[in-house]
Amino acid sequence: MKQYLWRVVAIIIGGLFIYAGAIKVVDPVEFARDIDNYKMLPWQVNVWMGLYLPWLEILCGLALITRVLYRGSVFVLTALMVLFIIITGIAKARGLDISCGCFGHASKYLSFAWHLVLDFLLLGGLVLLWKNAPPRSDAQLA
Amino acid sequence: MKAQLRQSVALLALALLPAAVQALYLRDKIPWQSRVAESDLVSVEVARGWGANALWVDARPAEEFERDHIPGAVLLNEDRWNELLSQFLATQWSPEKKIVVYCSAASCNLAEDVARRLREEAKLPNEIRILKGGWEAWLAQKK
């Protein structure tokens, strides 16, 4: 029974990352601008991040759902979430007016507090998936 | 753990492929060198030279605008976009004039966002430029 529950959690989180990646992939420059608002990296790097990160999210989301490269996707997404929470905290402490752009324009209507709640929920879900990863024989290519 | 790392590297590498294809596909549309194309910027000196032919748009928050602003500038920020845009179009706007949008400094992005919305949402036919260095550059030039 528990196994089904983690499967559902993996599908929900995977779906969320696919959605988040898909809405950014259509306008990588807009996403690069959102990254640039954090004022941490030069623009040239942000452009490449804007092109690369949405595809990484989509691939990891697909991996969570299909269980192909499952453990790797949980690892990458957890690392991304931790990094993102730290960077958001630093940007806020520096007084930057940021829109994370995580969910495209919908992000602009979310307050900082709601962003944090969502981020920690996702991170919590990923940690639980990590702890309850299916046996290697169940997760293909694991 | 080894398998996890191996899979992670595989995912990180796999994502490079569609990103590279997209970069190639969009290579002419991406501003690779700077966030704002040089052709979208205008220096204080040049914009001042436009005289009455320039419409100054202040994209900063209302409190900063009320404290001080470029003479003749109109407040138009994203906090009250619809209301301020209608006011601007009804009172100040003219299709022949050049629009110069500014915010507080070179590091702010408000002017860029307002300029983009004027072009893409309001579909204004005017030449729309962003003031290089923003309000800080204006103050420095005044001294």
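**Entry 1: what I am looking at.** I noted before anything else that this is a predicted model. I then asked how chain A is built, and found five helices and zero strands. Read from the N terminus on, the elements of chain A run α-α-α-α-α. I checked burial as well: buried residues make up 32% of the 142 residues in chain A. For the contacts in chain A with a separation of 6 or more, I found that 71% are accounted for by residues 24 or more positions apart.

**Entry 2: the two chains together.** I looked up the contacts between the chains and got 20 residues of chain B touching 23 residues of chain A. Sorted by class, the chain B side of this contact holds 13 nonpolar, six polar and one charged residues.

**Entry 3: the largest core.** Which residues have the most contacts inside the largest nonpolar core? My list reads A:Ile13, A:Leu56, A:Leu59, A:Cys60, A:Ala63 and B:Leu11, in a core of 29 residues. I then traced the elements that give two or more residues to this core: α1 (2-25), α2 (28-36), α3 (43-66), α4 (70-93) and α5 (112-131) of chain A, along with α1 (2-25) of chain B. The largest share, ten residues, comes from α3(A).

**Entry 4: domains of chain B.** Where is chain B divided? I have domain 1 at 1-30 and domain 2 at 38-142. Taken over C-alpha atoms, the centres of these two domains of chain B are separated by 39 Å.

**Entry 5: the sheet.** In chain B I followed five strands that form an open sheet with parallel pairing, in the order β1-β5-β4-β2-β3. At the edges stand β1 (41-42) and β3 (74-75) of chain B, each with a single partner strand, so one side of each has no neighbour in the sheet. I reminded myself that strands of a sheet pair through backbone hydrogen bonds.

Then I went through the pairings:

- β1(B) pairs with strand β5 (residues 128-131) of chain B in the parallel sense over two bridges, and B:Leu41 has B:Ile130 as its bridge partner in β5(B).
- β4(B) and β5(B) run parallel and are joined by three bridges; B:Val100 stands opposite B:Arg129, and B:Ile99 opposite B:Ile128.
- Strand β2 (residues 54-58) of chain B runs parallel to β4(B) and is joined to it by five bridges, with B:Ile99 as the bridge partner of B:Leu55.

I also followed the chain from β4(B) through helix α5 (residues 110-120) of chain B to β5(B), and this β-α-β crossover is right-handed.

**Entry 6: how enclosed the strands are.** For β5(B) I looked at both faces and found them covered. B:Ile128 and B:Ile130 are buried on one side, and B:Arg129 and B:Leu131 are buried on the other.

Key. Residues are numbered from 1 along each chain as its sequence is written. Chains are lettered from A and ligands numbered from 1 in the order in which they are written. This is a predicted model: local features need pLDDT of at least 70, side-chain atom pairs count only at pLDDT 80 or more; totals for chains, interfaces and linings use all residues. A nonpolar core is a set of buried Ala, Val, Leu, Ile, Met, Phe, Trp, Tyr and Cys residues joined through C-beta atoms within 7 Å. A residue is buried if 20 or more other C-beta atoms lie within 10 Å of its own, exposed if 12 or fewer, and partly exposed in between; C-beta atoms are placed from the backbone. Helices (H or I, at least four residues) and strands (E, at least two) are DSSP runs, numbered from the N terminus. Two strands pair if DSSP finds at least two bridges between them. A crossover is right-handed if, with the strands pointing away from the viewer, the path from the first strand over the helix to the second runs clockwise. Domain bounds come from an automatic or database domain assignment. Two residues are in contact if their C-beta atoms, placed from the backbone, lie within 7 Å. Ala, Val, Leu, Ile, Met, Phe, Trp, Tyr, Cys and Pro count as nonpolar, Asp, Glu, Lys and Arg as charged, and the others, Gly among them, as polar.
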